[in-house]
Amino acid sequence: MYRVSKILNNNGVIAINTEDNQEYVLLGKGIGFGKKVSQRFEVTEDTATYRLTEQTDRGSAKSLVQEMDPEFLEIADEVIREAEKVFGKVDRRIMIPLADHISFAVSRIRNQEQISNPLTDDIRVLFHNEFQAASVLRDILQKRMQITIDEHEIGYVALHIHSAIEDEKVSVAMQTARAVRECIEMIEKETGKKIDVISLSYNRLMNHIKYMVARAMTGEDLRINMNEYIESKFPEAYMTAKKVCDMLGKSIGKELDEMEIGYLAMHIERIYREEIKA
């Protein structure tokens with residue numbers, strides 16, 4: 001049972017759960033229509049519920065909800081529902097930060113202040129499924145507001161979805177994408193060749209570096225040391241991998257396991273053979 005504390009619009013209300021005495025945003029078709037403050041009501045199974053006790057990077061969820069146009073809550077809910085079709089379980093606590101982000105994105109577009117994100121291509125490859133789920137926002141905003149968003153905005157939304165799946169802050173996902181981009185740029189510099197971003201080798205390399213970052217952050221160790229063999233077999237790739245690992249460790253503030261060098265070198269050698277010598 002819920003008790004209405006504020007009507008947002010016909011499809012949204014803020015209400016108090018009478019069991020835990022906590023405030024929630026409730027979203028559902030017609031849920032706010034005809035209701036009055038203090039009115040008690042039951043919710044249906046398809047009602048989306050979001051607790052307002054959470055804290056975000058921009059303050060309390062409750063204050064953000066009260067400041068933004070309720071339509072952005074509905075839009076964020078649509079994006080999350082689409083993500084749930086792809087991933088099954090999604091942490092719905094991202095709804096309000098996501099709605100806040102979409103609100104600012106629309107404001108930027110209306111003011112002709114569209115952003116450019118140099119990591120968009122990397123995000124698309126690193127978090128491919130998240131990027132595909134986030135792409136639904138393009139059609140939603142076009143239909144609801146006649147707003148056209150670009151790939152850069154979709155990339156940021158993809159990071160929000162990723163954070164809800166992996167229980168990882170958006171800033172950490174962005175740091176991973178940035179670290180991967182820095183590594184790719186160093187490899188390109190060392191080899192003197194541009195790596196094709198749509199190639200299978202590039203995809204494999206990016207995912208390997210992503211998991212290198214994850215292992216460094218969690219302290220997970222590799223079990224087999226291949227450094228001696230790889231260094232003698234592929235000395236050029238090994239030296240490049242060593243430089244990349246040193247740089248990556250400094251970038252994320254964590255020392256990488258020395259065994260990471262050999263594994264990374266194998267990927268670099270593959271790229272050297274498949275992309276550069278081809």
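Q: Let's start with H101: buried or exposed?
A: H101 is buried, at 17% relative accessible area. Buried is under 20%, exposed is over 50%, and partly exposed lies in between, with a 1.4 Å probe and protein chains only.

Q: Before we go on, what kind of model is this?
A: A predicted one: local features need pLDDT of at least 70, side-chain atom pairs count only at pLDDT 80 or more, and totals for chains, interfaces and linings use all residues. Residues are numbered from 1 along each chain as its sequence is written, and side-chain values use heavy atoms, with hydrogens and water left out.

Q: Back to H101. Which helix is it in?
A: Helix α3, residues 95-110. Helices here are DSSP runs of H or I with at least four residues, strands are runs of E with at least two, and both are numbered from the N terminus.

Q: And what does H101 touch?
A: Leaving out residues up to four places away in sequence, H101 touches R108, E153, Y156, V157 and H160. Contact means heavy atoms within 4.5 Å.

Q: Zoom out. How many helices and strands in the chain?
A: Twelve helices and seven strands. The C-alpha atoms fill a box of roughly 75 × 40 × 30 Å along the principal axes.

Q: What share of the chain is buried?
A: 48% of the 278 residues. As for contacts between residues at least 6 apart in sequence, 64% of them join residues at least 24 apart.

Q: How many residues are in the largest nonpolar core?
A: 78. V25, L73, M95, I102, L141, L248 and L264 have the most contacts inside that core. A nonpolar core is a set of buried Ala, Val, Leu, Ile, Met, Phe, Trp, Tyr and Cys residues joined through side-chain atoms within 4.5 Å.

Q: Take V25. What does V25 touch?
A: Its partners beyond four places in sequence are L8, V13, I14, A48, T49, Y50, L52, V65, L73 and M95.

Q: Helix packing now. At what angle do α9 and α11 cross?
A: Roughly 55 degrees, and the axes come within 11 Å. α9 covers residues 200-218 and α11 covers residues 235-252. Axes are lines fitted to C-alpha atoms, for helices over the stretch in contact, with angles from 0 to 180 degrees between N-to-C directions.

Q: Which residues meet there?
A: From α9, I209, M212, V213, A216 and M217; from α11, C245, L248 and I252. The residues of this contact divide into eight nonpolar, no polar and no charged. Nonpolar covers Ala, Val, Leu, Ile, Met, Phe, Trp, Tyr, Cys and Pro; charged is Asp, Glu, Lys and Arg; the others, Gly among them, are polar.

Q: What about E190?
A: E190 is in helix α8, residues 170-191. At 33% relative accessibility, E190 is partly exposed. Beyond four places in sequence, E190 is in contact with T240 and K243.

Q: What about N21, and where is it?
A: N21 is in the loop between β2 (12-17) and β3 (23-27). N21 has a positive phi of about 60 degrees, although it is not a glycine. N21 is exposed, at 58% relative accessible area.

Q: And where is Q146?
A: In the loop between α6 (136-145) and α7 (151-166). Phi of Q146 is positive too, near 55 degrees. Q146 is exposed, with a relative accessible area of 57%.
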